[in-house]
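Me: I would like to learn how to read aromatic contacts and strand pairing in a model. Could you take me through one case?

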Amino acid sequence: MGWVGSGTGTGLDAWNPTSMLTFEGTQLQGTEAIMGKLRSVGTVKHTVKSMDVQPSANPSAIVLFITGSIQIGGDNPLHFCEMFQLVSTGPGAYYVHNDVFRLNYGL
């Protein structure tokens, strides 16, 4: 798939019941709702152009902003931006608490 947490093939390790995804203006909460949406998009390929990382107000979290291109199902690549907050669940372990994804048309 290509989204955060999909390295295992399921993505279930990256999300939890309090996680929220806003995907092109549609808000989804919880592991199953989020994974259902990501699976419905189909096969994707990301090319990251830039990534900015900042500490969060929560000392065990970080905020990331990513720009790049995404190719969905072999179609022409589209520009995207994505912001998400990773929260630590232990040493070296994180889950996605917030994720906002938008395609950038007309660039």
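Predicted model: local features only at pLDDT ≥ 70, side-chain atom pairs only at ≥ 80, totals over all residues.

Me: How many aromatic pairs does a search of the whole structure find?

Reply: The search gives 2 aromatic pairs. One of them is Phe23 with Phe101, with 5.1 Å from centre to centre and 10 degrees between the planes.

Me: How do I read those two values: what makes a pair stacked?

Reply: Ring centres must lie within 6.5 Å to pair, and planes under 30 degrees apart count as stacked. Phe23 and Phe101 are a stacked pair. Phe23 sits in strand 1 (residues 20–23) and Phe101 in strand 6 (residues 93–104), so their contact ties together parts that are 78 residues apart in sequence.

Me: What are the distance and plane angle for Phe80 and Phe101?

Reply: The ring centres of Phe80 and Phe101 are 5.5 Å apart and the planes are at 20 degrees, so this pair is stacked. Phe80 belongs to strand 5 (residues 78–90) and Phe101 to strand 6; the two residues are 21 apart, and their pair links distant parts of the chain. Phe23, Phe80 and Phe101 make up one aromatic cluster.

Me: Are Phe80 and Phe101 buried or exposed?

Reply: Buried means under 20% relative accessible area. Phe80 has 2% relative accessibility, so Phe80 counts as buried. Phe101, with a relative accessible area of 1%, is buried. Phe23 is buried too.

Me: Now the strands. Which way do strand 1 and strand 6 run, parallel or antiparallel?

Reply: Strand 1 and strand 6 run parallel and are joined by 4 bridges. Within this pairing, Leu21 is placed opposite Asp99 of strand 6.

Me: And how many bridges join strand 5 to strand 6?

Reply: There are 11 bridges between strand 5 and strand 6, and these strands run antiparallel. Gly90 has Ala93 in strand 6 as its bridge partner.

Me: Where does Ala14 lie?

Reply: Ala14 is in the segment before strand 1. Its relative accessible area is 7%, so Ala14 is buried. To relate sequence separation to distance, take Ala14 and Ala93: they are 79 residues apart along the chain, and their C-alpha atoms are separated by 9.2 Å.

Methods:
Residues numbered from 1 in each chain as written. Heavy atoms only, no water. Phe/Tyr/Trp six-rings, centres within 6.5 Å; stacked < 30°, edge-to-face > 60°. Buried < 20%, exposed > 50% of the residue type's maximum accessible area, 1.4 Å probe, protein only. Pairing = 2+ DSSP bridges.
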